[in-house]
Amino acid sequence: MAKSYNRILLKLSGEALLGEQGHGIDGDILTQYANEIKSAHDEGYEVSVVVGGGNIFRGVKGATEGMDRVQGDYMGMLATMINSMALQDALERKGVHTRLMSAIRMEEIAEPYIRRRAIRHLEKGRVVIFGAGTGNPYFTTDTAASLRAIEIEADVILKGTRVDGIFDSDPEKNPDAEKFQTITGEEVLDRRLSIMDLTAFTLCRENETPIIVFNMNIIGNLKKVLKGDNEIGSTVVWEDS
């Protein structure tokens with residue numbers, strides 16, 4: 001299997017970091033993710049990462065409970081920074097050079113996000129972690145992942161989940177759900193499949209950025225996807241690309 005990509009953006013959900021715990025960060029899952037990212041980095045891929053914050057706080061959930069939505073979203077951005085710092089630490093303990101870049105200025109713990117600097121870090125072989133979402137309320141970390149991928153000219157967005165790809169229904173609720181190996185962007189919209197929120201998905205469609213959804217919790221899957229193994233995950237293709 002030939003190497004299919006060079007520069008990637010890996011999107012990880014905050015909820016996945018819960019593992020079997022009810023809250024916080026599962027150290028075993030964090031270590032597993034760090035090992036997966038290190039294996040891709042060691043192969044020579046330029047790796048950037050966006051981590052959600054749902055294991056710590058969700059602004060939307062706070063809003064439904066009476067909290068101001070903007071305040072809740074900013075709290076969610078800080079939650080992504082906690083996860084990003086944890087991932088950075090896990091990677092650096094394995095000898096991987098990283099840079100954490102934040103959309104909200106907090107110089108004591110992260111560099112401010114500057115596009116050219118991020119690209120330069122990637123070119124120098126550093127794993128770049130993008131924290132604090134877009135820095136704006138009302139935007140998800142999926143949208144942040146799409147935006148950063150486009151800005152740094154990533155070859156692909158890899159969305160690591162706990163299921164094996166894109167299905168016609170929720171595979172965790174329906175054991176007979178059908179998996180798509182490839183699916184067009186239009187079909188995703190027509191079927192209202194929840195891959196990303198509409199803003200994130202539209203950004204990818206307008207820029208014809210490939211999306212691969214795969215199970216990040218199976219050891220070795222990340223590298224298999226990068227090597228072009230079509231049996232792993234599901235790929236969204238764009239009609240005009």
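Buried means under 20% relative accessible area, exposed over 50% and partly exposed in between (1.4 Å probe, protein chains only). This is a predicted model: local features need pLDDT of at least 70, side-chain atom pairs count only at pLDDT 80 or more, and totals for chains, interfaces and linings use all residues. Residues are numbered from 1 along each chain as its sequence is written, and side-chain values use heavy atoms, with hydrogens and water left out.

**View 1. Arg 105 and Glu 107 form a salt bridge.** Their closest N and O atoms are 3.0 Å apart. A salt bridge is a side-chain nitrogen of Lys or Arg within 4 Å of a carboxyl oxygen of Asp or Glu. Arg 105 counts as exposed, at 58% relative accessibility. Glu 107 is partly exposed at 45%. The structure holds 17 salt bridges.

**View 2. Lys 223 meets Glu 43 in a salt bridge.** The N to O distance is 3.7 Å. Lys 223 is partly exposed at 30% relative accessibility, and Glu 43 is partly exposed at 35%.

**View 3. The rings of Tyr 113 and Phe 130 pair edge-to-face.** Rings of Phe, Tyr and Trp (its six-membered ring) pair if their centres lie within 6.5 Å; planes under 30 degrees apart count as stacked, over 60 as edge-to-face and the rest as tilted. Here the centres are 5.6 Å apart and the planes stand at 80 degrees, so the pair is edge-to-face. Tyr 113 is buried, with a relative accessible area of 17%. Phe 130 is also buried, at 3%.

**View 4. Lys 11, Asp 142 and Lys 159 are joined in a network of salt bridges.** Elsewhere, Glu 111 and Arg 117 meet in a salt bridge at 3.9 Å, N to O. Arg 117 is partly exposed, at 37% relative accessibility.
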